[in-house]
Amino acid sequence: MSIRSFSVHCGKISRTLRENHRCYSFSKISLGFNHEDLVSSLRSCEEVNQIAQIHGLMLKIGLDRISFPVSKLLAHICKQGLMDYASSVFRLIENPNLFMFNSMLRGFSVSRDPVKCLLFFNCMRCGNHIEELLLDQFTFVSVLKSCSSLRVASAGLGIHALGLKSGCDLFLNVGNALVHFYCVCGRIQDAHQVFDELCERKDVVSWSSLMWGYLSMAEYNLVIELFKKLCSESCGVSITTILGVLQASGEIRNPSVGELIHALCIKIGLLSNLSVVTALISTYGKQGHIRSARSIFDEIDAEKDVILWNCLIDAYGKTGFVQEASGLLKLMKHSGIKPSSSTLASFLSSCSASGALDVGQSVVHDFFEENPFVLDAVLGTTMVDMYAKSGLLEKSIAIFNRIEDKDVKSWTAMISGYGLNGKPDSAISLFVQMEEEGYTPNEVTFLALLNSCSHGGMVSEGTRLLKRMVDDYKLTPKIEHYGCVIDLLGRAGMLEEAYELLKGLRVSDTDGTGWRALLGACRVYGNIGLAERVKDEVEKIDGGHPADELALGSIYAAVGVEERDKGDELRSHRYLVKKEAGCSRIDTSCHF
């Protein structure tokens, strides 16, 4: 619809509205319609039809030529996210003022396409009217928000330079926007510098932005130190601040910090907030304090939502209490809360990790019989993984085929399942199908493929896949990938090739994974000379491990070489080695 026809349409709506006295009392306004009436009417408009009615009346009685009512109309349209409509209105304004520009920038910055905010800003600066306008703090906040959403560091740096030139960087909201921008772009040092330059102007938003920046960089101890400084400066705390420091506390597994934050939440009355309660339960769960997590859950007066239930079930599952987690699932169901696919995905993942596969299968059967879930990628992938680890490959395949919207994780789980169950050919065939359907594999996909090739002894396929990983997909192999290839070559008896590959690696084998795989292969083939060279390489990495000495000793024994032939020093050292006791557990009838 063109602007002219749209205006005619709005006029018709306005006339009809006056005649029928519906929605608004326009019949009483007529030519006496003033600015206050406009603002009052716009505040109650939430749908485009209602806004169009106001706009139509403005066109009819000439208010579209007055700056104030047009500014209010444009701001309301942008607030509702109707940016196409806002653009059509803006194009008809002969001399837009800064408020109008800022309204458009604000609307674009929170839209689905924030790049339009940057384009609009450039057009605004290139226009003839820019000389009459002085950019203010709200201009910079909106543009920086778009730079943050798009993670465009170069654009943000340019905006920062403009802010310094205009002096708008002295405003606190601009400074906070800059801190947030640098944090999301991973430039944490720049963010900290801007934060320090705020001096006494810092508020709780400034602190929270920097804390979450360090949290995204996994600098958990620094997050806690910042929180301590925040409390000492008496700037107050917000829910966002508490959520950040609780997440950091959970990651470093520091119970005392979690307990102090818990006490602070009680003191300032934040335990009525479900987000804070959920974060506390998650923190205690990560620290293994499951009783404290359950105590918080039971003491909540507010109505528990599915997210809170998910958090507690996940805490039980991750700490190995899968039976208790299963009981919570049933209690959740009896409480009238329907578990989501995320609930089951998290629980089944815990079952797979702890080896309680029978419990997971039982829960799947119970819930799917009564509540048929749509198999999304998250739940479906978890079920594929669980059934594959249980040895139920046919069920795993059936679940995979039922997933409606597969993603790369779904394909990777099925490829890994084939490898775990001794079907490397099927894993590679599925990988080919994955490529044909347009999915792009990632590092984990190739790791699953290389594992499959290693267990299947497919040397040529394994080396070809490693080459494709680098050449076709531009992915950088990690030591885990090389470890699979080393194991593959070792199993095939190509020990010298494996040794040369390890020596020529561009990535460092920080934990000796690849070398120890080769040492195991030397034991199989009785290659003493190479085993001793490999043992020397392992000792260069981490000083050696008792298991390495035992592995070398077993190679000597296997080929009938006396240990005394290796000298008194080596023999004396080996006798001092103490092997750590191992342990294992088996789940029988859901009891460990």
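These legends go with close-up views of a predicted model.

**View 1. Helices α18 and α19 packed against each other.** Here we're looking at α18, residues 306–318, and α19, residues 322–334. Their axes come within 7 Å and cross at roughly 160°. Since angles over 145 count as roughly antiparallel, that makes α18 roughly antiparallel to α19. As for handedness, the crossing of these two helices is right-handed.

**View 2. Who touches whom between α18 and α19.** On the α18 side, the contact is made by V306, W309, N310, L312, I313, Y316 and G317. Facing them from α19 are V322, E324, A325, L328, L329, L331 and M332. Sort the residues of this contact by type and you get eleven nonpolar, two polar and one charged.

**View 3. An aromatic pair, F195 with W207.** A search of the whole structure turns up twelve aromatic pairs, and F195 with W207 is one of them. Their ring centres sit 4.9 Å apart with 80° between the planes, so the pair goes down as edge-to-face, the label for planes over 60 degrees apart. F195 belongs to helix α11 (residues 188–197) and W207 to helix α12 (residues 204–216), so the pair ties together parts that are twelve residues apart in sequence.

**View 4. The stretches where pLDDT stays under 50, residues 1–31 and residues 567–577.** For the protein chain, mean pLDDT is 82, and 85% of the residues reach 70 or more. Over residues 1–31 the model still has 36 contacts beyond four places in sequence; for residues 567–577 the count is eleven.

Note on methods. Residues numbered from 1 in each chain as written. Predicted model: local features only at pLDDT ≥ 70, side-chain atom pairs only at ≥ 80, totals over all residues. Heavy atoms only, no water. Axes fitted to C-alpha atoms, helices over the stretch in contact; angles between N-to-C directions. Helix = DSSP H or I, 4+ residues; strand = E, 2+ residues; numbered from the N terminus. Parallel < 35°, antiparallel > 145°, perpendicular 65-115°, else oblique. Left-handed = near helix turned anticlockwise from the far one by under 90°. Contact = heavy atoms within 4.5 Å. Nonpolar A, V, L, I, M, F, W, Y, C, P; charged D, E, K, R; others polar. pLDDT = per-residue confidence, 0-100. Phe/Tyr/Trp six-rings, centres within 6.5 Å; stacked < 30°, edge-to-face > 60°.
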